[in-house]
Amino acid sequence: MNHPRPKARLSRALGIPLTRKCVRYFERRPYPPGVHGRSRRTTSDYQVRLLEKQRLRHQYNVSEAQLRRLFDEAARGAGKTGETLVALLERRLDAVVLRAGLARSIYQARQLVAHGHITVDGRKVDRPSYRLRPGQVVGVRERSRALPPFQLAAAGAHADAQPRPYLSAQPAELRATLVREPARHEVPVVCDEQLVVEFYSR
């Protein structure tokens, strides 16, 4: 989902930096944008739950319809709905590309997938919403490996300081394998997923 709103302004509205570049802007002005940004206060339970839902949605760059469908699927499954929802989002192809260090942001990860640069088990997949299964291997097409974004990725420019235990990533080889289902405490998402469940269950 292409979201044209400036990411720094959106980060301030949500209260979290959405990209690495937004961190310094958010630290400089860590309050909502607008003339009355400093004086705004959360006044209702609905606003608290709506904010958490929007935080989760924008960290994965998904539409409202996509998030709602995933929530309904998580609610039908076993286990805690909120944790299952985050696990389903984390198994999206664009999210795995980001966590593997092949892209600098979820926005770039989505673009790289949509433009046909990414493969799953050796076959081109251009759907960011494609859901990976444990054991599947994500890579970069041979003809795309010489492009500047992937040269940076191979040099480790986008790799996390703390690797994700559910991923086996080899940035130098532009490849990653989803080893198992991600657990909630392993996913670096700033969100109280229980509030998201309460928002959709109201």
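## Surface and model

Accessible areas here come from the Shrake-Rupley method with a 1.4 Å probe, and for residues only the protein chains shown count as cover. By that method the accessible surface of the protein chain is about 10800 Å², and carbon and sulfur atoms contribute 49% of this surface.

This is a predicted model, in which local features need pLDDT of at least 70 and side-chain atom pairs count only at pLDDT 80 or more, while totals for chains, interfaces and linings use all residues. Residues are numbered from 1 along each chain as its sequence is written, and side-chain values use heavy atoms, with hydrogens and water left out.

## Overall architecture

The protein chain contains 9 helices and 5 strands; helices (H or I, at least four residues) and strands (E, at least two) are DSSP runs, numbered from the N terminus. Read from the N terminus, the order of elements is α-α-α-α-α-α-α-β-β-β-α-β-β-α.

Of the 202 residues in the protein chain, 46% are buried. Buried means under 20% relative accessible area, exposed means over 50%, and partly exposed lies in between (1.4 Å probe, protein chains only). Contact means heavy atoms within 4.5 Å. Among contacts in the protein chain with a separation of 6 or more, 56% involve residues 24 or more positions apart.

Helix 3 covers residues 45-59. The buried residues of helix 3 are Glu52, Lys53, Arg55, Leu56, Arg57, His58 and Gln59. Just after helix 3, asparagine 61 has a positive phi of about 55°.

Leu56 also belongs to the largest nonpolar core. A nonpolar core is a set of buried Ala, Val, Leu, Ile, Met, Phe, Trp, Tyr and Cys residues joined through side-chain atoms within 4.5 Å. This core has 49 residues, and those with the most contacts inside it are Leu56, Tyr60, Leu85, Leu93 and Val97. Leaving out residues up to four places away in sequence, tyrosine 60 touches Val86, Leu89, Glu90, Asp94, Ala95, Arg99, Ile106, Val187 and Val189.

## Salt bridges

There are 13 salt bridges in the structure, each defined as a side-chain nitrogen of Lys or Arg within 4 Å of a carboxyl oxygen of Asp or Glu. One of them pairs lysine 53 with glutamate 64, with the closest N and O atoms 2.6 Å apart. Lysine 53 lies in helix 3 and glutamate 64 in helix 4 (residues 64-76), so the pair links distant parts of the chain, 11 residues apart. Lysine 53 is buried at a relative accessible area of 5%, whereas glutamate 64 is partly exposed at 31%.

Glutamate 73 and arginine 131 form another salt bridge, with the closest N and O atoms 2.7 Å apart. Glutamate 73 lies in helix 4 and arginine 131 in the loop between strand 2 (123-124) and strand 3 (137-140), so the pair ties together parts 58 residues apart in sequence. Both partners are partly exposed, glutamate 73 at 30% relative accessibility and arginine 131 at 28%.

Arginine 180 and glutamate 186 also meet in a salt bridge, at 2.6 Å from N to O. Here arginine 180 is partly exposed at 32% relative accessibility, while glutamate 186 is buried at 11%. Shared partners join the salt bridges of Lys53, Arg57 and Glu64 into one network.

Helix 9 comprises residues 193-201, and its buried residues are Glu193, Leu195, Val196, Val197, Phe199 and Tyr200. The cover over these buried residues includes helix 3, helix 4 and helix 5 (81-90). Glutamate 193 is buried, with a relative accessible area of 15%. Apart from neighbours within four places in sequence, glutamate 193 is in contact with Gly82, Glu83, Val86 and Arg184.

The structure has 3 aromatic pairs. Rings of Phe, Tyr and Trp (its six-membered ring) pair if their centres lie within 6.5 Å; planes under 30 degrees apart count as stacked, over 60 as edge-to-face and the rest as tilted. Phenylalanine 199 and tyrosine 200 form an edge-to-face pair, 5.3 Å centre to centre with 80° between the planes, and both residues are buried. Ring pairs link Tyr46, Phe71, Phe199 and Tyr200 into a cluster.
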